[in-house]
Amino acid sequence: HLDPKFAEAYNNLGFIAQIQGRWDEAQSNFERCLDLQPDNIEALSNYGSMFVNAGEPQKAIDIAQRVLAQQPDNADAAWNAALAYLGLGDWKEGWSLYRKGLDLSLVSSTQRKRRYKDLPYWDGKTVQKVVVYGEQGVGDEIMGVSMINDLIAFLGVENIILEAHPR
């Protein structure tokens, strides 16, 4: 039986509903959690993530800004805002925050840090060996590989390491 005042349970239920695409249920649970615990940053960040995934980017940005106002280094909120800004076509703000979102800690459920975490990001200018890897799903990798020929033309094939999902 759910304790009606156990805020974390509502956050967890909201997260599960979000994963399953049950947006109304997710929203209801996140809001109940935040009614009980308004300072629950994890729930607030999850709430923002739900709006990214539900196709409501402006709401996701508004929530991410609330989180970032309290925790400027919150990578989850930066990631949510990045995806939302990119969804709105605001490339400058989106890509700036996207970089920060790639630095999510290993304790995050998304675990975006890869084995290349100690290498610097490519600045897009100097010719050096560049590692290209996917950090989204297989579909995004398939779409992204369509740009590899442009990279080869710019850097030369000998300067590219491509890591792709085995599928």
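A salt bridge is defined here as a side-chain nitrogen of Lys or Arg within 4 Å of a carboxyl oxygen of Asp or Glu. By this criterion, the side chains of Lys59 and Glu56 meet in a salt bridge, with a distance of 2.9 Å from N to O. The structure is a predicted model, in which local features need pLDDT of at least 70 and side-chain atom pairs count only at pLDDT 80 or more, while totals for chains, interfaces and linings use all residues. Residues are numbered from 1 along each chain as its sequence is written, and side-chain values use heavy atoms, with hydrogens and water left out.

The secondary structure of the protein consists of 8 helices and 2 strands. Helices (H or I, at least four residues) and strands (E, at least two) are DSSP runs numbered from the N terminus. Read from the N terminus, the order of the elements is α-α-α-α-α-α-β-α-α-β. Of the 167 residues, 36% are buried; buried denotes a relative accessible area under 20%, exposed over 50%, and partly exposed the range in between, with a 1.4 Å probe and protein chains only. The protein exposes about 10500 Å², of which carbon and sulfur atoms supply 54%. These areas come from the Shrake-Rupley method with a 1.4 Å probe, and for residues only the protein chains shown count as cover. Among contacts (heavy atoms within 4.5 Å) between residues at least 6 apart in sequence, 47% join residues at least 24 apart.

Helix α4 comprises 14 residues, 57-70, and at 1.5 Å a residue it should span 20 Å, which agrees with the 20 Å between its end C-alpha atoms. The expected span is 1.5 Å times one less than the number of residues. The buried residues of α4 are Ala60, Ile61, Ile63, Ala64, Val67 and Leu68. These buried residues pack against α3 (41-53), α5 (75-87) and α6 (91-101). In the loop between α3 and α4 lies Gly55, which is exposed at a relative accessible area of 55%. The C-alpha atoms of Gly55 and Gly87 are separated by 8.4 Å, although the two residues are 32 apart along the chain.

The structure holds 2 salt bridges. In the pair described at the outset, Lys59 is partly exposed at 41% relative accessible area, and Glu56 is partly exposed at 30%. The other pair joins the side chains of Glu25 and Arg22, at 2.7 Å from N to O. Here Glu25 is partly exposed at 35% relative accessibility, as is Arg22 at 34%. Side chains of opposite charge can pair when their charged atoms come close.

Aromatic pairs are rings of Phe, Tyr and Trp (its six-membered ring) with centres within 6.5 Å; planes under 30 degrees apart count as stacked, over 60 as edge-to-face and the rest as tilted. By this rule the count comes to 4 aromatic pairs. The rings of Trp95 and Tyr98 have centres 5.0 Å apart and planes at 70°, so this pair is edge-to-face. Trp95 and Tyr98 are 3 residues apart in helix α6 and therefore separated by about one helical turn. Trp95 is partly exposed at 48% relative accessible area, whereas Tyr98 is buried at 12%. Phe30, Tyr47 and Phe51 form one aromatic cluster.

Asn159 lies in the loop between α8 (148-155) and β2 (160-163). Asn159 is buried, with a relative accessible area of 16%.
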